[in-house]
Amino acid sequence: MGKNIVVDIADMAIATSKDDILVTYSLGSCLGIAIYDPVAGIGGLMHCMLPLSSVDPEKAKDRPFMFVDTGMTIMLTQLFEAGLVKANTVIKVAGGAKLLDKNDLFRIGERNYTVFRKFLWKNGLMIKAENVGGDITRTVRLEMATGRFLIKSSGSEWEI
Amino acid sequence: MNSSAKEITREIELFPAMPALCKFVSTHLNDPNVDFKMIAEELKYDPGMTANILKLANSAYFGAAGRVTSLQTAIARVGMKRMFQLVIASGFSKTLVKPLSGYNLRPEELLMHSVFVAVASEELARVTGIHPPDLLFTAGLLHDMGKVIMDKHVEKAVSIFSEKANKEQAFFDVLEKEILGMCHAEAGGTLLEQWKFPHELISAARFHHDPAKASVEDIMLVNIVHISDMLSYSEGIGAGIDGFRYRTSREAISSLGLKTSILEMVTSHSMDKVEELEKVLCGESGRVVKKEKNVRKFH
């Protein structure tokens, strides 16, 4: 039986066992970022809330995974330390939703996604699959045994 | 009034009474000169609540400097007004912690949402330079009480809700009104009114999705609770089946002079405090324990 490792909001976890399943609940404008190396059998899942740590640098020291920029830096560093190989890296992302009532104020999801893309581009990494935007909340899972990245929203579940 | 609305109204009338102490405190929320002995007398028979209140008084959020171990010192440190808010928070956490299957909220989700709105409201006032109204925290905490009553009715009609939501792109409170004859905001407002809560709390519950309808006296407080509520949903905290389906008041945005960067700052300043208070209000939950385990393993 697989063990569920729950990743809380503004947090990240790494799994190295085939039995593990990383899961994070209720992504709104937040991003659920899964980074996986099928050869090394290493994967990580992050649930980050806000685009840039410059909004609160002090908080970023305590809670780096609250922000896309500091979260990605530390997540990748820890994954590489654990043996992740860049050439085998598979990156998938979900979340970044926006409210049904479109307005310019609540653009946090869009900003999260933009900062994420920029970070990957600077680091020479690519997104393999994504399911972002829309006015839905999502729960995501990364199955270590298969590398499947599953998204659950309003009663249905699918893989990307 | 349709039959669901009639039933909901009756359920509000029959809703279990508040803990005795909350009842006492609720009528004195704006009256900080009440005799402390009366509170101490009530609390003598409720060790659970006493312990909770001391924990809250010792939290970083309520900011007592140094550790307080008695109610007397707690009141001296946090003040009587804050003490009343702690009593209310502690008393209502048991109701708010339960799962709501109609709204698709797991256990603790409504509590986390309520605490987020309470904390973010005070933070939003601070960041925008507004002197926070006394009851802002409690107004945020209790704004969604109506959901507790509405939940089983939403659950019964959930297929109608999802069908209409997909087809019409309608806002959820509008659907509640259309399908059940009443929305959760109205139900909550009516409940707090029946309990004779101060008008600020009734307005925040009743108008948090339609702040323009609040009285001139309450509108600033309701605007703040409304924006914090939308921010919580946007972050996925307590969003359930309804969270992304409410409208944001343009008047509230402009009257508070809001920008995206302000909301991001409020979110970042609020999260630790929300988690701290939620932990106290839930007791030592499995969720928190798990979190600490992750931190040990990977940092």
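Figure 1. Chain A contains 3 helices and 10 strands. Their order along the sequence is β-β-β-β-β-α-α-β-α-β-β-β-β. The C-alpha trace of chain A spans about 45 × 35 × 25 Å along its principal axes. A compact globule of 160 residues would have a radius of gyration near 15 Å, and the 15 Å of chain A therefore agrees with that expectation. Of the 160 residues in chain A, 50% are buried. Among contacts between residues at least 6 apart in the sequence of chain A, 62% join residues at least 24 apart.

**Figure 2. The open sheet of chain A with strand order 2-5-4-6-7.** This sheet has 5 strands and mixed pairing. Strand 2 (11-15) and strand 7 (129-132) of chain A are at the edges; each has a single partner strand, so one side of each is left without a neighbour in the sheet. From one strand to the next, the twist averages 10°. Strand 2 of chain A pairs with strand 5 (residues 42-48) of chain A in the antiparallel sense, over 5 bridges. In this pairing, A:Ala13 has A:Leu45 of strand 5 as its bridge partner.

Figure 3. Strand 4 of chain A pairs with strand 5 of chain A in the antiparallel sense over 7 bridges, and A:Ile33 stands opposite A:Met46 of strand 5. Strands 4 and 5 of chain A also form a hairpin with 4 residues between them. In the turn, A:Gly41 has a positive phi of about 70°. With strand 6 of chain A, the pairing of strand 4 of chain A is antiparallel over 6 bridges. There, A:Ala34 stands opposite A:Lys92 of strand 6.

**Figure 4. Side-chain directions and burial along strand 4 of chain A.** In a regular strand, side chains alternate between the two faces of the sheet. A:Leu31, A:Ile33, A:Ile35 and A:Asp37 point one way from strand 4 of chain A, while A:Gly32, A:Ala34 and A:Tyr36 point the other way. Residues of both sets are buried: the count for strand 4 of chain A is 7 of 7 residues.

**Figure 5. Helices 2 and 3 of chain A against strands of the sheet.** Helix 2 (residues 68-81) of chain A lies across strand 2, strand 4 (31-37) and strand 5 of chain A. The helix runs at about 165° to strand 5 of chain A. Helix 3 (residues 108-122) of chain A lies across strand 4, strand 6 (90-95) and strand 7 of chain A. Its angle to strand 4 of chain A is about 25°.

**Figure 6. The open sheet of chain A with strand order 1-3-8-9-10.** This sheet has 5 strands and mixed pairing. Its edge strands are strand 1 (3-6) and strand 10 (156-159) of chain A, each of which pairs on one side only. Neighbouring strands of the sheet are turned against each other by 25° on average, direction ignored. Strand 1 of chain A pairs with strand 3 (residues 20-27) of chain A in the parallel sense over 4 bridges. A:Val6 stands opposite A:Val23 of strand 3.

**Figure 7. The contact between chain A and chain B.** Chain A contributes 31 residues to the contact and chain B contributes 30 residues. On the chain B side, helix 14 (219-234), helix 16 (260-282) and helix 17 (286-298) are the elements that give two or more residues. Helix 16 of chain B gives the most, with 9 residues. By class, the side of chain B that touches chain A has 12 nonpolar, 12 polar and 6 charged residues.

**Figure 8. Prediction confidence in chain B.** The pLDDT of chain B averages 87, and 93% of the residues score at least 70. Over residues 285-299 of chain B the pLDDT is below 50. This stretch of chain B has 12 contacts in the model beyond near neighbours in sequence. Where pLDDT is low, predicted coordinates should not be read in detail.

Conventions. Residues numbered from 1 in each chain as written. Chains lettered and ligands numbered in written order. Predicted model: local features only at pLDDT ≥ 70, side-chain atom pairs only at ≥ 80, totals over all residues. Contact = placed C-beta atoms within 7 Å. Nonpolar A, V, L, I, M, F, W, Y, C, P; charged D, E, K, R; others polar. pLDDT = per-residue confidence, 0-100. Pairing = 2+ DSSP bridges. Axes fitted to C-alpha atoms, helices over the stretch in contact; angles between N-to-C directions. Rg over C-alpha atoms; globule rule 2.2 N^0.38 Å. Buried ≥ 20, exposed ≤ 12 C-beta atoms within 10 Å, placed from the backbone.
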